[in-house]
Amino acid sequence: MAVETISENRSFGGVQGVYRHASPATGTDMTFAVYLPPAAEKGPVPVLWYLSGLTCTHENAMTKAGAQEHAAKEGIAVIFPDTSPRGDDVADSEDYDLGKGAGFYVNATEEPWAPHFRMWDYITKDLPSVVFDRFALRRDAQGLTGHSMGGHGALTIAMTMPDTYRSVSAFAPIANPSESEWGRKQLGAYLGDDRAKWAAHDATLLMAERGYNGDILVDQGTSDQFLDLLRPEALAQAMTARRQPAVMRMQEGYDHSYFFVQSFMGDHIRWHADRLR
């Protein structure tokens, strides 16, 4: 796939780039960002996928999460995909939590979403085929993290594809979407009314069914204004019942913002680097 370079900037000795390509999965042009640490100049490096939350593009985490300094120190690349297809022909909603900016990392089967909202395939197939061809990255050393809707995506993809993603963490993930207004609405719209189809995209249900073949790190703020929608207690209960190796940290006084994410981004990058080296 041809890749257009939008911008490249020096950052902590590495390069922060923004790129565009045509995606077969979404049928649209997609924009994404890649941070390459200085170590990538000497050979392929481990890669951490960062999946963003509702209303975000590639740019939010790229500019607000503070990932580049930590990634440079640890010698790990970070990829920031978009959260949904974009374009005039792409279906949308007046609601901020459905449509553009709210792809939920699923392959939609329902109209009007099905033609373009195939974000599961985009994240797991299309974009990897681009970045591993273009950049000095280790295909055998991939980790996933994400925030909110992106935390939901990171956990569900990692538990479904554990042989591909050797490490996983999440910031304030939507942990039990089948039982939350942040989930029932979107999964119903994209996948239809059959709740059995939703289970493949619910981290709590996947934890109960299969777990993950490694350890998991989750950070959640105690002052998160969306705590009731995220349902971290459901995921914690499922991890306990399964005896899943995991660390879930309730961070006193932190909310749902990128101030929360950047406060613990260094911990998460070190977590992944230790497991991907």
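# Helix packing and buried sites in a predicted model

The backbone oxygen of His256 is placed 3.0 Å from a polar atom of the side chain of His147. The model is predicted, and every value below is computed from it.

His147 belongs to the loop that joins strand E6 (137–146) to helix H4 (149–160). This residue is buried, its relative accessible area being 5%. Apart from neighbours within four places in sequence, the contacts of His147 are Tyr50, Leu51, Ser52, Gly53, Phe171, Ala172, His256, Tyr258 and Val261.

Gly43 is located in the loop between strand E3 (28–36) and strand E4 (45–51). Its relative accessibility is 18%, and Gly43 therefore counts as buried, the limit being under 20%. The C-alpha atom of Gly43 is separated by 34 Å from that of Gly101, a residue 58 positions away along the chain.

Asp121 is part of helix H3 (residues 119–134). With 13% relative accessibility, Asp121 also falls in the buried class. The side chain of Asp121 forms a polar contact with the side chain of Arg118, at 3.3 Å. When neighbours within four places in sequence are set aside, Asp121 touches Ala25, Asn107 and Asp126.

| Residue | Location | Relative accessibility |
|---|---|---|
| His147 | loop between E6 and H4 | 5% |
| Gly43 | loop between E3 and E4 | 18% |
| Asp121 | helix H3 | 13% |

Helix H3 also takes part in a helix pair. The axes of H3 and H4 come within 12 Å and cross at roughly 60°. H3 is therefore oblique to H4. Their crossing is right-handed. On the H3 side, the contact is made by Trp120, Ile123 and Thr124, and on the H4 side by Thr156, Ile157 and Thr160. By class, the residues of this contact comprise three nonpolar, three polar and no charged.

A second pair is formed by helix H2 (residues 67–74) and helix H10 (residues 258–276), which pack at an angle of about 30° with their axes 9 Å apart. H2 is therefore roughly parallel to H10, since angles under 35 degrees are assigned to that class. H2 passes H10 in a right-handed crossing. From H2, the residues Ala67, His70, Ala71 and Glu74 meet Met265, Gly266, Ile269, Arg270 and Ala273 of H10. The contact of H2 with H10 contains five nonpolar, two polar and two charged residues.

Helix H5 (residues 181–191) is mostly covered, eight of its 11 residues being buried. These are Trp182, Gly183, Gln186, Leu187, Gly188, Ala189, Tyr190 and Leu191. At the start of H5, a side-chain oxygen of Ser180 comes to within 3.0 Å of the backbone nitrogen of Trp182. After H5 comes Gly192, with a positive phi near 95°.

Notes:
Residues numbered from 1 in each chain as written. Predicted model: local features only at pLDDT ≥ 70, side-chain atom pairs only at ≥ 80, totals over all residues. Heavy atoms only, no water. Axes fitted to C-alpha atoms, helices over the stretch in contact; angles between N-to-C directions. Helix = DSSP H or I, 4+ residues; strand = E, 2+ residues; numbered from the N terminus. Parallel < 35°, antiparallel > 145°, perpendicular 65-115°, else oblique. Left-handed = near helix turned anticlockwise from the far one by under 90°. Contact = heavy atoms within 4.5 Å. Nonpolar A, V, L, I, M, F, W, Y, C, P; charged D, E, K, R; others polar. Buried < 20%, exposed > 50% of the residue type's maximum accessible area, 1.4 Å probe, protein only. Polar contact = N/O pair within 3.5 Å; in protein donor to acceptor, adjacent residues only side chain to side chain.
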